[in-house]
Amino acid sequence: MGTPNEKVKLSIDDFIKEALFIVEEANKKNIHLRILGALGIYLHINNDPICLDLLSKLGRIDKDTLFTDLDLMGYSKQRKEISKLFEQLGYVPDRMVNTLFGNKRNIFYHPKGYFHLDVFYDKLEFSHDVPFGN
């Protein structure tokens with residue numbers, strides 16, 4: 001299994017494909033999942049050379065260490081459906097984190113240990129809150 005400080009063990013293109021596949025599979029089941037974090041920013045700016053240059057100068061873009069995990073946002077009212085989706089996709093739940101903090105966040109591990117993902121529910125709570133929809 002991956003650990004929180006490991007780097008994603010996929011190429012950038014394969015990591016993007018996997019993240020988009022997850023969101024597409026969720027959409028097919030009317031589950032609302034959105035990509036955020038480093039990958040969300042990268043997807044938003046990856047065609048903008050000025051932004052990519054800035055990320056490079058800040059040391060955030062390195063072919064081998066660009067991403068450490070996948071961050072997703074979902075609704076807590078769909079938590080059971082989200083967990084079932086990841087189970088169907090072969091992802092392994094972090095039972096301790098999901099039991100202790102499951103009302104706010106779940107962690108799942110890629111079936112082959114390539115990365116872990118966080119699903120935040122309703123809002124991202126760190127130095128400031130980022131709410132998800134209404």
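Entry 1. The model is predicted: local features need pLDDT of at least 70, side-chain atom pairs count only at pLDDT 80 or more, and totals for chains, interfaces and linings use all residues. Residues are numbered from 1 along each chain as its sequence is written, and side-chain values use heavy atoms, with hydrogens and water left out.

I found a salt bridge between R105 and D118, whose closest N and O atoms are 2.6 Å apart. A salt bridge is a side-chain nitrogen of Lys or Arg within 4 Å of a carboxyl oxygen of Asp or Glu. R105 lies in strand β4 (residues 105-109) and D118 in strand β5 (residues 116-121), so the pair ties together parts that are 13 residues apart in sequence. Helices (H or I, at least four residues) and strands (E, at least two) are DSSP runs, numbered from the N terminus. D118 is buried, at 3% relative accessible area.

**Entry 2. Helix α1.** I noted a salt bridge between the side chains of K28 and E25, at 2.9 Å from N to O. Both residues lie in helix α1 (residues 12-28), three residues apart, or about one turn of the helix. K28 is exposed at 65%, whereas E25 is buried at 17%.

**Entry 3. Helix α3.** I found D53 in a salt bridge with K57, with 3.1 Å between the closest N and O atoms. The two are four residues apart in helix α3 (residues 49-57), about one helical turn. D53 is partly exposed at 38%, and K57 is exposed at 65%.

**Entry 4. Total.** My search of the whole structure gave three salt bridges.

Definitions and conventions
Buried < 20%, exposed > 50% of the residue type's maximum accessible area, 1.4 Å probe, protein only.
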